[in-house]
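This briefing is meant to be read with the sequence and the coordinates at hand. Please keep both in view while going through the points.

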Amino acid sequence: MTPRTKMLILNSPNNPTGAVIDGEDLRAIVEVCRRRGVWILSDEIYEPMVYAPARHASPAALAPDRTIHVHGASKAYAMTGWRVGWACGPRDVIRAMDDVASHSTSNVTSFAQKGAAEALRACDGFVETMRATFRRRRDLIVRLLNEIPGVRCGEPQGAFYAFPNVEAAVRAKASASSAEMAERLLDDSHVAVVPGEAFGAPGCLRLSYATSDAEIDEGCRRIRSWVGR
Ligand SMILES: Cc1ncc(COP(=O)(O)O)c(C=O)c1O
């Protein structure tokens, strides 16, 4: 943060790391923003995917006067591609955003709005089931990744990504970087991962576990076999 900072963007639960900002840290962050007159844009699209004992905390509850809360249907309701999201914040800010959006992207297609409204109205049970499923997949992928030599994976507390450190595997395979490792995994073993370089974190890979247990099992088996080859 510098004296010229106008806005802080937070994303908890986080893509790519799966990290969740706890309540106490969030309070400290909000306090700094309040003191410096900085706005907060809080992207909470993964909010339904937080695994106990971690708990979701929103800056909107602490500083509604300077927070723009952003959410959407893509993750909670598996509606990726429907392009439905929403923002909540002080009335004058939202009104100005509406003015800009209505002259640039215009409006969300009406059937997609109906779908999102129905999801919000009636799908809490589905979200609950998915959270339990993702938690099981999280445990599975973290265990399998940590069984691969040269791969170290902490336990993400939210979202549906694992973000292991693969520096030792990169060295063992004489790869130049995690970006090269990602490319070789794709070419040699047909496993798609995103290199940490894409997020300013070389030495890591991002793996999505928004897929079946069988796919997670097979993907990790292929990475393990590639590393050992
Ligand atoms: C942190 C975060 N915010 C927002 C989005 C937006 O999702 P969509 O464009 O599908 O609504 C994504 C999608 O990956 C995301 O990871």
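The model is predicted. It holds a ligand surrounded by eight named residues, among them Asn11, Asp43, Lys75 and Arg83. An open sheet of four strands has mixed pairing, and an open sheet of three strands has antiparallel pairing.

**Ligand site**

- The residues that surround the ligand are Asn11, Asn15, Asp43, Ile45, Tyr46, Ser74, Lys75 and Arg83, and this shell divides into two nonpolar, three polar and three charged residues.
- Asp43 places a polar side-chain atom 2.5 Å from a nitrogen atom of the ligand.
- Lys75 has an N or O atom in its side chain that is 2.8 Å from an oxygen atom of the ligand, and a polar side-chain atom of Arg83 lies 2.9 Å from an oxygen atom of the ligand.
- On its own the ligand has 390 Å² of accessible area, and the protein covers 69% of that area.

**The four-stranded sheet**

- The strands of this open sheet follow the order S1-S2-S3-S4, and their pairing is mixed.
- Strand S1 (7–11) and strand S4 (85–88) each have a single partner strand and stand at the edges, so that one side of each is left without a neighbour in the sheet.
- From one strand to the next, the twist averages 20°.
- Strand S3 (residues 67–72) runs antiparallel to S4, and four bridges join the two; in this region His69 stands opposite Cys88 of S4.
- Helix H1 (residues 23–36) packs on the sheet, where H1 touches S1 and strand S2 (39–43), and the direction of H1 makes about 165° with that of S1.

**The three-stranded sheet**

- The order in this open sheet is S5-S7-S6, with antiparallel pairing, and the edge strands are S5 (161–162) and S6 (194–195), each of which pairs on one side only.
- S6 pairs with strand S7 (residues 205–208) in the antiparallel sense over two bridges, and Pro195 stands opposite Leu205 in S7.
- S5 and S7 likewise pair in the antiparallel sense, over two bridges, and the bridge partner of Tyr161 in S7 is Ser208.
- Helix H7 (residues 178–189) lies across S6 and S7, and H7 runs at about 40° to S7.

**Backbone details in the loops**

- Ser12 and Pro13 are joined by a cis peptide bond with omega of about -5°, and Pro13 is found in the loop between S1 and H1.
- A cis peptide bond also joins Ala52 and Pro53, with omega of about 10°; Pro53 belongs to the loop between S2 and helix H2 (59–62).
- Ala159 is not a glycine, although its phi is positive at about 60°, and this residue lies in the loop between helix H5 (124–146) and S5.

Terms used. Residues numbered from 1 in each chain as written. Predicted model: local features only at pLDDT ≥ 70, side-chain atom pairs only at ≥ 80, totals over all residues. Heavy atoms only, no water. Near = heavy atom within 4 Å. Polar contact = N/O pair within 3.5 Å; in protein donor to acceptor, adjacent residues only side chain to side chain. Areas by Shrake-Rupley, 256 points an atom, 1.4 Å probe, with all protein chains shown as cover. Nonpolar A, V, L, I, M, F, W, Y, C, P; charged D, E, K, R; others polar. Pairing = 2+ DSSP bridges. Contact = heavy atoms within 4.5 Å. Axes fitted to C-alpha atoms, helices over the stretch in contact; angles between N-to-C directions.
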